[in-house]
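The sequence and structure come first.

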Amino acid sequence: MKSRYSLFSLARNAKNYHKDWEKAWRSPAPKAEYDAVIVGGGGHGLATAYYLAKNHGMTNIAVVEKGWIGGGNTGRNTTIIRSNYLQDASIAIYELSRSLYEGLSQELNYNMMFSPRGVMMLCQTEHEFRAFKRTASANRLSGLDCRMVTPGEVKEICPIINVDPNCRYPILGAYYQPRGGTGRHDAVAWGYARGADALGVDIIQNCEVTGILREDGKVTGLSTSRGEIRTKKVGVVTAGHVSTIMDMAGIRMPIESLCLQALVSEPIKPVIDCVVMANTVHGYMSQSDKGELVVGGGTDPYNNYSQRGSFTALEHTVTALVETFPIISRLRMLRQWGGIVDMTGDRSPILSKTDIEGLYVNCGWGTGGFKAIPGSGFVFADTMANDRPHKIAEPFGLNRFKEGRLIDESVAAAVAH
Amino acid sequence: MSKKPYRLSTGGTRIDRAARMTFTFDGKDVSGFAGDTLASAVLASGQKLFGRSFKYHRARGLVGLGSEEMNALIGVGSGNRHEPNLRATQIEIFDGLTAESQNRWPSLKYDIGAANTLVSRFLPAGFYYKTFMWPRSFWKHVYEPFIRKAAGLGKAPEGRDPDTYEHMHIHADVIIIGGGIAGLAAAEAAASTGVRVLLCDENPVLGGIADLTAGMIDGACVEDYAIAAAARLATLPNVHILTRTTVVGHYHQNYLMAFERVGDHDPAILASGAPKHRLWKIRADKVVVATGALERPIAFANNDRPNIMLASAVRGMIGRYGVTPGSTGVVFTNNDDAYLTAFVLKKAGVNVQVVDSRSRSDGALVKRAIADGIDVSLGSVISAVEGNLGVTAVKIAAYRKGQGRVITEKRVECDFVAMSGGWNPALHLWCHNGGKIQFDDSLQSFRPKSHTDDIVAIGGANGTMSVEATLIEAQELGKKAKKFKVEEPDRGALESIWFAPATGKYNEGNKHFIDFQNDVTAADLELAQREGYESVEHTKRYTTFGMATDQGKTSNLNGLGVISEATGKTIPEIGVTTFRPPYTPYSFGAIAGAHTGALFLPVRRTPIYNWHADHGAVFEPVGQWRRTYVYPQASEDKHQAIVREILSVRNKVGMLDASTLGKIEIKGPDAAEFLDRMYTNTFSTLKIGKCRYGLMMNELGFLSDDGVTVRLGEDHFIMHTTSGGADRIAAWLEEWLQTEWTHYKVFVTPVTEQWAQFAVAGPRARDVLSKLAPDFDISNEAFPHMSFKQGHIGGYPVRVYRISFSGELSYEVATPANFGQGLWNAIMEAGDEFGISAYGTEALHVLRAEKGYIVVGDESDGTVTPIDVGMEGMVSKKKTDFIGKRSLEQSFLKGPNRKQLVGLLTEDPTEVLPDGAYAVAAVKDKPPMEMIGQVTSTYMSPTLGRSIAMALIQNGRARMGETISFPLEGGKVMKATITDTVFYDKEGARLHG
Amino acid sequence: MIIVTCPVCNASGDETDFHYGGQAHVRRPATDDPANITDDEQRDYLFIRHNPKGLHFERWRCDRGCGKWFHAARDTLTLDFKATYGITELPPVELMKEAKGPWAEYFKARLKKA
């Protein structure tokens with residue numbers, strides 16, 4: 001049993017100069033066999049493992065990670081959490097996720113700093129305005145706490161926004177989810193890892209999967225850089241690299257991997273107390289607790305595994321944000337980076353069984369996976385444990401691409417981040 | 001000491017003692033000399049305190065000399081010209097400069113936040129992950145606001161930036177990054193081959209640290225060599241020199257960004273209209289990384305106190321500005337280079353002694369120091385520092401490598417420390433573009449691995465610390481190597497010291513700072529290892545080490561050293577964190593360049609734009625276009641004006657500027673067959689001179705565009721698309737032609753901007769046009785609905801389409817764009833007696849909704865098929881293949897319960913359904929409620945005197961006459977009856993009128 | 001920002017002067033035999049994509065130059081172009097041989113012919 005984190009444990013440990021803290025998670029060698037193995041130690045994979053252990057009693061399981069946990073998109077995103085999507089299926093999973101986030105710090109005993117500071121999506125054309133009114137209506141009838149706000153309220157919620165009616169894309173209003181916000185991305189991965197580890201899950205870093213072993217259409221195990229691991233259930237949760245892993249099982253995916261650009265400014269005193277998304281001009285911004293403005297932008301247009309910052313997408317985003325938030329002109333970019341996002345044909349995720357028995361896949365979160373981590377892990381664990389799609393996961397099955405049952409969020413003018 | 005104890009009476013290569021400058025720092029007047037930095041001038045005034053650290057608010061002074069400075073972050077200017085977080089070491093002073101310290105309250109000297117340091121024992125790395133969780137709501141309302149207020153360094157400016165920025169694009173055969181002796185020599189060598197050379201340096205003056213470097217080149221000191229080389233380069237036509245210009249990013253294929261501070265150092269430059277900053281976008285065949293090396297601090301207890309500086313910075317302060325940090329100093333080093341600082345101090349009359357962690361060095365500089373009588377303590381470290389707001393004394397203890405704690409120590413009074421833990425090659429720009437690195441034992445640092453043809457590193461950046469070897473590397477850029485005669489002192493080996501022991505048990509309670517700005521100590525890094533955050537990326541993120549505004553320039557390697565000692569792994573085994581752009585922070589203004597305000601994004605205007613503006617148009621952005629939404633006249637509000645415009649079209653005549661409508665000429669023997677592939681309906685059967693409305697799907701089977709296409713000849717069509725779809729559809733047609741049906745002989749030519757096009761609509765439309773063109777027969781018989789004619793109206797050549805999006809008698813008149821305003825004026829004038837009125841997009845939308853005409857993008861949303869909107873009849877059964885046809889066969893698209901387009905009439909005709917309102921299967925007290933469809937268009941129809949709407953409702957067509965409920969915000973429920981979508985003139989008599 | 005060179009008009013430009021058109025050599029089943037397309041074939045055509053980390057074959061358009069579509073072989077990790085070739089053509093034989101995974105499978109039959 002792990003010792004709990006609290007102000008008291010902090011004080012107790014201070015006495016001894018913090019020399020007695022135990023490891024947040026063990027680093028065990030892989031066992032020969034597990035009841036299930038999750039490939040990919042990002043937020044989604046770790047959450048899946050945690051819920052498999054906690055909700056389904058599957059504790060003889062492992063997470064194998066090629067590098068270090070949380071090192072992919074979990075640690076590279078702009079940490080936005082919201083659930084105000086248009087389609088029923090999306091609302092269901094993102095709202096489950098958002099509501100799990102609300103109590104996650106307490107549940108995991110790890111402060112991931114969920115900050116429901118509000119997410120405001122600007123309406124900058126009549127068309128966008130109407131589209132968000134539609135989303136607002138759908139969300140309200142789904143029970144979400146969201147509302148349209150006027151330009152005056154926009155200015156109140158976020159005083160640094162340019163609401164000049166004569167600017168290129170004047171702000172006609174905004175769609176506001178007060179309970180949306182941000183969280184501390186690394187802490188989500190670490191918190192789930194610590195929680196899963198405490199329940200007996202083996203988290204194995206620096207372990208690259210090199211093959212998915214099968215017999216008679218069933219999964220029998222994995223070959224890895226640290227030897228073969230036998231298991232009858234494999235959950236592939238590898239974000240940008242899912243095509244490569246699924247190729248090992250001969251399954252071709254409806255996925256393309258692109259590089260998404262993000263950046264932060266130098267830290268400044270608080271100027272923006274919510275998340276603002278401006279879809280017409282393609283940019284979004286919030287401020288971290290450290291004071292950095294956190295900015296997300298577009299992807300490079302072509303398949304790209306380079307995981308490096310590029311200038312082109314960034315320039316476009318920053319230009320839009322300087323116009324939207326004129327005061328940032330004299331502030332400075334501190335750091336930029338890129339993350340590999342996997343985009344599906346309808347830009348909605350895949351949470352699915354596959355044609356191979358015991359092989360499950362969770363991917364395609366595109367530019368918006370962070371907000372979905374708890375919900376995704378919750379329903380994917382249920383899907384794996386019971387070998388049938390959880391009700392919320394069902395619409396996200398791979399067969400939708402064959403049936404034409406697409407979940408298209410772009411129709412709401414809302415981009416999927 | 002004299003009146004100015006810190007400004008020496010002589011010396012200072014950068015300052016002009018004849019030119020005195022006055023500025024304010026924290027409201028107090030400070031004076032300095034032209035050429036001073038804020039750092040040197042403030043230090044000269046006797047102030048050591050420059051800032052407060054991020055977490056503990058510890059008092060901090062200068063550490064560095066240039067862009068590596070991490071403590072002395074300053075806010076400059078006020079109001080909308082305020083700029084936070086600038087490095088004092090890079091701010092060039094001028095008369096009237098206002099500067100202030102940051103992250104302190106109420107003042108720099110007395111900062112409440114410094115209380116954090118008292119409880120710092122409870123605030124180890126990552127403490128916030130372990131607490132602040134109870135009660136749940138406190139994070140948002142109590143803890144987070146407190147933390148946010150405490151964090152964040154400087155403050156943002158207020159209001160819109162009054163200064164300007166610009167971009168420059170430049171190609172170079174060779175770019176040399178860094179104008180130290182490596183860069184200067186390389187530039188001369190490269191220039192001698194005749195190529196175009198771009199030399200960028202972040203400092204105001206070329207030379208790098210030549211002035212801080214020992215040795216002679218061809219009989220001149222290194223500094224004089226640099227001055228002469230810079231002068232020679234300035235005369236060469238093929239060399240472009242940019243100073244105050246930091247190469248901040250190095251991207252794929254040698255694409256580089258350089259950030260030039262054009263007007264920061266002199267308000268007169270800004271006043272002359274020059275930009276504040278300029279961003280150079282550079283593409284270079286060859287990149288030479290000559291960025292030098294950065295001196296690293298040493299981790300000893302309380303090594304962050306004000307007036308503990310890098311040895312090179314102390315040397316630079318004296319040499320460049322004639323400023324000494326104090327009167328008695330201790331040089332603490334693990335290498336020979338820092339002895340140069342001791343010599344400079346001694347020469348300046350400052351008391352100095354050297355503490356060297358190595359037990360011996362055979363280097364010439366060490367021998368000279370001893371010979372000169374400087375007190376040199378080999379095998380020693382600084383184990384403690386006394387003083388809070390400055391240094392009052394240090395303790396010196398005997399040391400040998402690997403020793404964990406100090407037993408005995410002696411106290412030495414002093415008022416500053418110059419430290420040097422060795423030099424790290426500045427690898428950032430090398431690594432941005434994928435350059436590989438390796439660990440070098442002699443440097444105890446990383447250096448570039450293999451060079452490529454188009455990226456090389458030389459000099460300090462390459463780990464080459466000797467002058468002679470640097471010059472030899474630089475000669476590789478020339479055709480034949482120039483020979484230099486170099487004399488420089490032999491150097492003894494450096495010995496790494498990652499952690500200087502202190503009294504007490506190992507690492508208990510002593511703060512050995514690794515990352516100064518973020519307050520990360522050696523103990524924090526060790527804690528991260530202990531808790532399992534072992535990957536260097538985990539350590540970085542858990543402790544925030546290397547994530548401050550200096551991006552770990554001085555701290556990264558020391559951190560790796562500490563981790564190495566804590567884990568027993570070697571530094572190369574631990575690895576480095578990724579070097580991410582930019583090298584130093586640069587302004588968002590520079591990134592946006594001139595693209596702000598009116599120049600943010602180009603606006604597309606129709607030829608009639610100015611007329612619209614002159615006639616009171618309220619514009620709306622539609623894609624890149626600005627279209628007139630409505631023309632309120634005199635005392636009208638928008639709503640009244642819309643009603644007037646609608647009724648004018650219904651009862652008299654109106655004119656709409658439809659020039660934004662997409663127009664594509666399609667020509668060639670296979671044009672008709674090609675259109676049959678593109679549209680759901682058939683165009684090969686269209687008669688010449690006739691128009692046909694067409695629907696397009698994408699390959700997924702969903703509506704993508706619509707419009708009227710006319711056949712001008714056997715092989716010639718003009719296609720109309722939606723305004724928003726014009727470019728997309730033209731590209732889409734071209735793509736299919738080039739990639740799928742490559743054998744088709746068809747040309748596709750987008751001509752949207754070539755034509756001005758107006759809809760003249762209403763019962764008097766014919767009267768208006770006939771008046772202008774008595775010879776042009778547009779009678780119903782000669783020119784029926786859905787036909788096309790060319791001719792002249794009012795003397796202007798026109799293409800006229802008798803098509804209608806309003807349901808009225810309507811002509812769309814197109815004339816070459818340059819004639820547009822003339823024709824528009826002629827029609828308005830002719831129409832005056834018939835009561836003509838210009839109408840905007842909102843009237844257009846109401847008019848079309850009254851007729852049940854769809855707008856792709858309103859009635860459809862990317863998940864809607866032609867069948868869903870009731871246009872099954874337009875989806876050809878005969879054609880074997882057209883875009884999207886096969887997808888309509890997918891089970892979900894032809895499945896049950898699809899949402900179908902219907903009309904809606906509210907129970908109360910005076911109430912208008914809100915945009916996007918959803919209908920539910922059954923109204924419940926509270927959500928969730930099962931939704932069965934949504935409103936797609938909704939208006940008050942002035943024609944009908946009641947509200948109308950269209951909606952996509954599950955199985956809508958089977959539910960005609962059914963009343964459905966729309967629960968609105970606030971609990972109100974609106975009821976509406978399902979009808980067909982045509983509300984007005986169901987027979988279509990008017991458009992045939 | 002990567003540099004693209006159009007094999008049709010030989011213009012070189014920044015990536016923003018070109019348009020990326022996704023995976024190359026995707027067969028549109030309806031063009032050949034519209035009456036007999038399985039749901040699987042249609043799905044593969046619409047959605048399934050090779051997505052290699054490394055050598056990839058794709059379509060680009062010379063947007064601000066000659067307007068022509070062309071094929072390119074590009075490394076998705078280094079972003080370097082290995083070859084460009086006509087929109088109706090197959091890649092150079094050595095690149096077909098170098099291809100891995102699903103691409104290798106795709107080129108196998110074609111290499112035999114070539």
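Helices (H or I, at least four residues) and strands (E, at least two) are DSSP runs, numbered from the N terminus. Axes are lines fitted to C-alpha atoms, for helices over the stretch in contact, with angles from 0 to 180 degrees between N-to-C directions.

## Basis

This is a predicted model, in which local features need pLDDT of at least 70 and side-chain atom pairs count only at pLDDT 80 or more, while totals for chains, interfaces and linings use all residues. Residues are numbered from 1 along each chain as its sequence is written, and side-chain values use heavy atoms, with hydrogens and water left out.

## Helix pair in chain B

Helix α5 (residues 181-191) of chain B packs against helix α12 (residues 467-475) of chain B at about 30°, with the axes 8 Å apart. The two helices, α5(B) and α12(B), are therefore roughly parallel (angles under 35 degrees).

Contact (heavy atoms within 4.5 Å) joins B:I181, B:A182, B:A185, B:A186 and B:A189 of α5(B) to B:V467, B:T470, B:L471, B:A474 and B:Q475 of α12(B).

## Residue B:D161

B:D161 lies in the loop between α4 (138-150) and β8 (165-177) of chain B. B:D161 is buried, with a relative accessible area of 13% (buried means under 20%, with a 1.4 Å probe and protein chains only).

Leaving aside neighbours within four places in sequence, B:D161 is in contact with A:P326, A:S329, A:R330 and B:N80. The side chain of B:D161 also reaches the backbone nitrogen of B:D163 at 2.9 Å. The C-alpha atoms of B:D161 and B:V973, 812 residues apart along the chain, are separated by 48 Å.

Technical notes. Chains are lettered from A and ligands numbered from 1 in the order in which they are written. Angles under 35 degrees count as roughly parallel, over 145 as roughly antiparallel, 65 to 115 as roughly perpendicular and the rest as oblique. Buried means under 20% relative accessible area, exposed over 50%, partly exposed in between (1.4 Å probe, protein chains only). A polar contact is a pair of N or O atoms within 3.5 Å; within protein, one must be able to donate a hydrogen and the other to accept it, and residues adjacent in sequence count only if both atoms are side-chain atoms.
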